[in-house]
Amino acid sequence: MLILAQIALTSVAAWLFGAVARFARQPRVIGEIVSGIALGPTLFGALVPHAYAAVFAPASLGALRALAEIGVGVFMFTVGMSVDLTLLRNRPYAAVVVSHVSIAAPFLLGVSMAGALFARFAPAGTNAVVFALFLGVAMSITAFPVLARILAERGMTQTPVGTLALTCAAVDDVTAWCVLAVVFAVASAGDGVRAGAVAVAGVAAYAAAAVLIARPLLRRLFVTRDGEDVTASRVGLAVLVALASALATEALGVHARFGAFLAGAVLPRSGEVARRVADRLDAAVTTVLLPIFFAFSGVRANLGAVGGGTAWNAFLL
C-alpha cells in the first residue's frame, strides 16, 4: 500500500509542477525535479515531519527507487531508438572532441576549487589528491536523462544538433565514469592507470560488440513486413534487451543508463521497428515512470542540510 501512495503522490506532484514549468515556458522536467524537492525533507519534511516520515521513510524507498531506475532506463532506451546516428556520418569526431572539451573545463575548475574546500568538506583521512580528482569528476558528469528529456520534449532528438548533443552526453558520461574508476582505484591505493585502461577497454569492446554482433542479430529478431505491426511480445523482447544492456554496462563500471541508450541506438531501423516500439513504450514511460524518477531525485535532496554560510558559499561556487 505504501508504494502505491508514494507513486500517486509523486505522480500528481510531478504533473502539477510540470504544468507550472510549462506555463513559465520552461521544460517540464524542471518542474518534475522541483516537485521532488517540495515532497522531500526540504519542504514537506520540514512542514509536516510526521506525515513525511510516514510516507517517505528511508527504509520504504527501495521499491520506489527501483521503479524510478527502470523508468529512466526504458526512457533512455526509447531516446536511443529515436536518435539517427547517420546524421553524424559527415563529422564522426565532432562528438568526441566536443564532449571531451566539455569535460575538461568543469574538471579543471572542480580540481582548482579543491584546495579551498578540502579542509572544510573532506572526510577525515581523505587524501587531498583523491578529493581533488573526485570533485573534478563530480563537476564533469552530465545529467544525461535531463538533457534527453528536454530534447525529446522539444522534438529535437532527430535533428543534427539534438543527435550531436545526445552523442556528446553519452561519450561524456562514459569518459567521466571511467575517470571515476581511476579515482576509486587511487583512493583504495590501487593502480589507477590500470583501472582506467580496463574500464575504457571494457566499454569500447562492449560498444563494438553491440554494433557488430548484436545489431545483425536484432535485425533478424525484429524484422517485419511492410505494414506489419510490432507485437506485444516484440515490445517485451525490446525491453529485455534494454535491461540486459543496462546491466552489462553497470557491471563494466559505467552507468546503466548508457547501456540502455546504446541498446536503443543499435535496434534496427528497418520497417520502422524502432519507432513503433518507442511509440508503444512512450505513453507509460513519459507520463508515469519518468516523472517518478525525477521527483524521486528531488525527494532525496535536503537543501536544509547544506549548513551554514560557508557551506552555502561553496554550494554557490
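Tutor: Buried means under 20% relative accessible area. The model discussed here is predicted.

Student: Is F293 buried or exposed?

Tutor: The relative accessibility of F293 is 6%. The cut-off for buried is under 20%. F293 therefore counts as buried.

Student: What kind of ring pair do F293 and F294 form?

Tutor: The ring centres of F293 and F294 are 5.1 Å apart, and the planes stand at 70°. Planes over 60 degrees apart count as edge-to-face. The pair of F293 and F294 is therefore edge-to-face.

Student: How many aromatic pairs are there by this rule?

Tutor: Rings pair if their centres lie within 6.5 Å. By this rule the count is 5 aromatic pairs.

Student: Which residues do ring pairs link into a cluster with F44?

Tutor: The rings of F44 and Y52 have centres 5.9 Å apart and planes at 90°, so this pair is edge-to-face. Both F44 and Y52 are buried. Ring pairs link F44 into a cluster with Y52 and F56.

Student: Over which ring does the charged end of R120 sit?

Tutor: The charged end of R120 lies 4.8 Å from the centre of the ring in question. That ring belongs to F121.

Notes
Residues numbered from 1 in each chain as written. Predicted model: local features only at pLDDT ≥ 70, side-chain atom pairs only at ≥ 80, totals over all residues. Heavy atoms only, no water. Phe/Tyr/Trp six-rings, centres within 6.5 Å; stacked < 30°, edge-to-face > 60°. Buried < 20%, exposed > 50% of the residue type's maximum accessible area, 1.4 Å probe, protein only. Lys NZ or Arg CZ within 6 Å of the ring centre and 35° of its normal.
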